[in-house]
Amino acid sequence: MINWRSTLAIYRNELSRFRRTVFGSIVSPVLTTSLYFIVFGAAIGGRISEVGGVDYGAFIVPGLLMLTLLSESTSNASFGIYMPKFTGSIYELLSAPVGVVETLLGFVGAAATKSLILAAIILVTAMLFVDYSIAHPLFALVYIMLVAASFSLLGFILGVWAEGFEKLQMVPLLILTPLTFLGGTFYSIDMLPSPWDKIALANPIVYLVSGLRWTFYGESDVSIGISFGLTLGFLAVCVAIIAVIFRTGWRLRT
C-alpha cells in the first residue's frame with residue numbers, strides 16, 4: 001500500500017526548491033533555446049529550407065525539446081537525491097517509514113514535473129520563432145512524459161552514485177549533451193554520408209529524438225515502435241538498478 005502522504009511530502013519539498021529558483025530555472029533554458037533558434041534556425045535555416053518536407057526551423061523543435069528534457073530531467077533528479085546525502089539528511093529518509101515506491105514517486109515525480117513545465121515553456125518559446133504543428137499530440141504527451149520519467153530515474157541513480165558535485169555533472173555534460181547534439185537534433189540521419197549514417201544509429205539518443213519527431217510530423221529516421229520500445233526498456237533497466245540500490249543500501253549510507 002502506497003503511503004501517499006509521505007510521497008506528497010517529498011514531492012512538495014522538491015518542488016519548493018524549484019519555486020525558490022524559478023527565475024534562473026526558467027530563464028536559462030528559454031534563453032538557450034532562443035539562441036539555438038537564432039543561430040541554427042536563422043543562419044543554417046537560410047541555407048536549408050526544408051528537411052523531409054518540414055521547414056528547417058520547425059524540424060529542429062523536437063530535437064531542442066529533447067535536449068532540454070534530457071538535461072533538465074537528469075540534473076533535477078540527481079541534485080534532488082544528492083543534496084540529502086551531502087547534508088546528511090538522507091539518514092532521516094532511510095529511517096522513516098517510507099518505502100522505495102514513495103521515495104521514487106516523490107523525488108522522480110518532482111524532477112519529471114519540473115522537466116514537463118520547462119518542456120511546455122520551450123514549446124511556447126518556439127512559437128515565437130517558427131510555425132510548427134504536432135501531428136499526434138496525445139502520443140507526443142505520452143512520449144515526453146515517458147522520456148522525462150526515464151531520465152529522472154537515471155538522474156536519481158547518478159545522484160546516488162556521485163561522491164561530489166563534479167561527478168554529479170559529469171554524465172549530463174560530458175555524455176548526454178554531446179550524444180544529443182550528435183543524435184539528430186539539428187539534422188536528419190539520412191543527411192549523413194555513408195558510413196556515418198549507420199554509425200549514428202549506435203547513438204541511443206537518435207531513437208529518442210526520432211521518436212519525438214515522429215509525434216510532431218509523422219516522419220522519423222527510425223521506426224516509432226523501436227523508439228518507444230527502447231525508451232520503455234531503458235526505464236525498466238533504471239527501475240531495476242534503483243531496486244538493487246535500495247535493497248543493498250549501495251552509496252546511500254556512505
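The legends below describe close-up views of aromatic rings in a predicted model. In this predicted model, local features need pLDDT of at least 70 and side-chain atom pairs count only at pLDDT 80 or more, while totals for chains, interfaces and linings use all residues. Residues are numbered from 1 along each chain as its sequence is written, and side-chain values use heavy atoms, with hydrogens and water left out.

**View 1. The rings of F139 and W214 form an edge-to-face pair.** Rings of Phe, Tyr and Trp (for Trp, its six-membered ring) pair if their centres lie within 6.5 Å, and planes under 30 degrees apart count as stacked, over 60 as edge-to-face and the rest as tilted. By this rule the count comes to 11 aromatic pairs. Because the planes of F139 and W214 stand at 80 degrees, with ring centres 5.8 Å apart, this pair is edge-to-face. F139 lies in helix α7 (residues 137-161) and W214 in helix α10 (residues 204-217), 75 residues apart, so the pair links distant parts of the chain; helices here are DSSP runs of H or I with at least four residues, numbered from the N terminus.

**View 2. The rings of F151 and F234 form a tilted pair.** Their centres are 5.1 Å apart and their planes are at 35 degrees.

**View 3. Y36, F181 and F186 form one aromatic cluster.**

Methods:
Helix = DSSP H or I, 4+ residues; strand = E, 2+ residues; numbered from the N terminus.
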